[in-house]
Amino acid sequence: MSELIQTVKASFNQVLGYAPSHIIQAPGRVNLIGEHTDYNDGFVLPCAINYQTVVAASRRDDNLVRVVSVDYGNQIDEFDLTAEISFQQDKMWANYIRGVVKCLLARGYQFAGADIAVSGNVPQGAGLSSSAALEVVIGQTFKVLYNLEISQAEVALNGQQAENEFVGCNCGIMDQLISAEGQENHALLIDCRSLETQAVSMPKDMAVVIINSNKQRGLVDSEYNTRRAQCEEAAQIFGVPALRDVSLEAFEAKQDQLSPLVAKRARHVITENIRTELAAKALISGDMTLMAELMAQSHASMRDDFEITVKEIDVLVEIVKNQIGEQGGVRMTGGGFGGCVVALIPPKLVDKVVQAVEEKYQPATGLQASIYVCQAKDGASLVEVC
Ligand code: GAF
């Protein structure tokens, strides 16, 4: 992160002409298990990772917000807190910031302007939550600069609201919540209904390896929203607020009342919730064999029932599985339709897995994968008062 800190400080100085007062960060995330369960009020088990979005910031005396995006060639966005904050068609990155600020104001928080320089190393469009990291770091920045009395959960909810209502993607709460509340060396079991979290130690004898398929994620928003609608349809037929409220027994007794497609979608969510709670227990008791089995079942369920994997992702999972056998777990992570797989691997096997991916993935798919060995890190925080 120190490189990112130097970058945002230098850019702030160079473009805005003075030194920032604060450095703030928020991380991306990887989800170990519990996919498409968050918007069904269910359970997820992500950890924040050592890839972050970092901001250099200072308060202003007026109502202007000026933002320099280092990763977009020092483009500047500027808006006035007392005027209508509008969507920018030609500057998509700016909308995450505008949306967060607009939602904070709508929630009644009071603050004046800010100068901000932002940069990050969370791979974009890879399903590692670069958008959530940006939303959360901006919320955290106003919290820090103006001593706002806002909980980390509300920083997350505010970021989700910005994404739902301003950016227009109907995501759940997982990504923002883990970015806001992550804990070093831990995953969080999150109850997405109550937003209660339980910290679960990451296995010390396992490396967390993320492999980006580099498959361009297509149709993500429309497919995501279709899955949401199918889940809502199933919950309505069961007469419950969300699929979280349907047990496997109740599902099996009544599944004939759903169309075959909606039944498959519901089965994924209901079984994934069960797997996620079991996975937290498996990590706590150190049962990696069970954890690996649950990850394998989760992947199969995403592939066959929820139908959100793509060929490239399935190929990656098979390559990794062939190297680790029963000694570790691997599955697709994130929203799907491309993106990354996550593997929990004994450190002694990491080189073997990397080599196998380098040898076998490109010939099978025509794409090069990117590999990141990660650590579980803290959520959003003030890094430095300059
Ligand atoms: C995306 C969404 F943003 C999350 O809310 C979650 O639904 C995830 O896909 C799937 O588990 O990351």
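In this predicted model, R66 has E78 as its bridge partner in strand β5. The two strands concerned, β4 (residues 64–69) and β5 (residues 75–80), run antiparallel and are joined by six bridges. Five residues lie between the strands of this hairpin, and G73 takes a positive phi near 60° there. Strand β4 also pairs with strand β6 (residues 114–120), in the parallel sense and over five bridges, with V68 standing opposite A117 of β6. In a regular strand the side chains alternate between the two faces of the sheet.

A separate topic is the open sheet of four strands, whose order is β10-β11-β9-β12 and whose pairing is antiparallel. Because β10 (329–333) and β12 (370–374) stand at the edges with a single partner strand each, one side of each is left without a neighbour in the sheet. From one strand to the next, the twist averages 20°. The partner of β10 is β11 (residues 340–345), to which β10 is joined in the antiparallel sense by five bridges, and T333 has C340 as its bridge partner in β11.

| Strand pair | Sense | Bridges |
|---|---|---|
| β4 and β5 | antiparallel | six bridges |
| β4 and β6 | parallel | five bridges |
| β10 and β11 | antiparallel | five bridges |

Turning to the helices, α3 covers residues 130–145, and its 16 residues should span 22 Å at 1.5 Å a residue, which agrees with the 22 Å that separates its end C-alpha atoms. Since 16 of the 16 residues of α3 are buried, this helix is largely enclosed by the rest of the structure. Just after α3, N147 takes a positive phi of about 45°.

The ligand is surrounded by residues drawn from several parts of the numbering, namely E35, H36, D38 and Y39, then C171, G172, M174 and D175, and lastly G334 and G335. Sorted by class, this shell around the ligand holds three nonpolar, four polar and three charged residues.

As for recorded annotation, the unreviewed UniProt entry assigns "domain: GHMP kinase C-terminal" to residues 279–361.

How values were computed
Residues numbered from 1 in each chain as written. Predicted model: local features only at pLDDT ≥ 70, side-chain atom pairs only at ≥ 80, totals over all residues. Expected span 1.5 Å × (residues − 1). Buried ≥ 20, exposed ≤ 12 C-beta atoms within 10 Å, placed from the backbone. Near = placed C-beta within 6 Å. Nonpolar A, V, L, I, M, F, W, Y, C, P; charged D, E, K, R; others polar. Pairing = 2+ DSSP bridges. UniProt positions renumbered as here; feature names shortened; annotations may be inferred. Axes fitted to C-alpha atoms, helices over the stretch in contact; angles between N-to-C directions.
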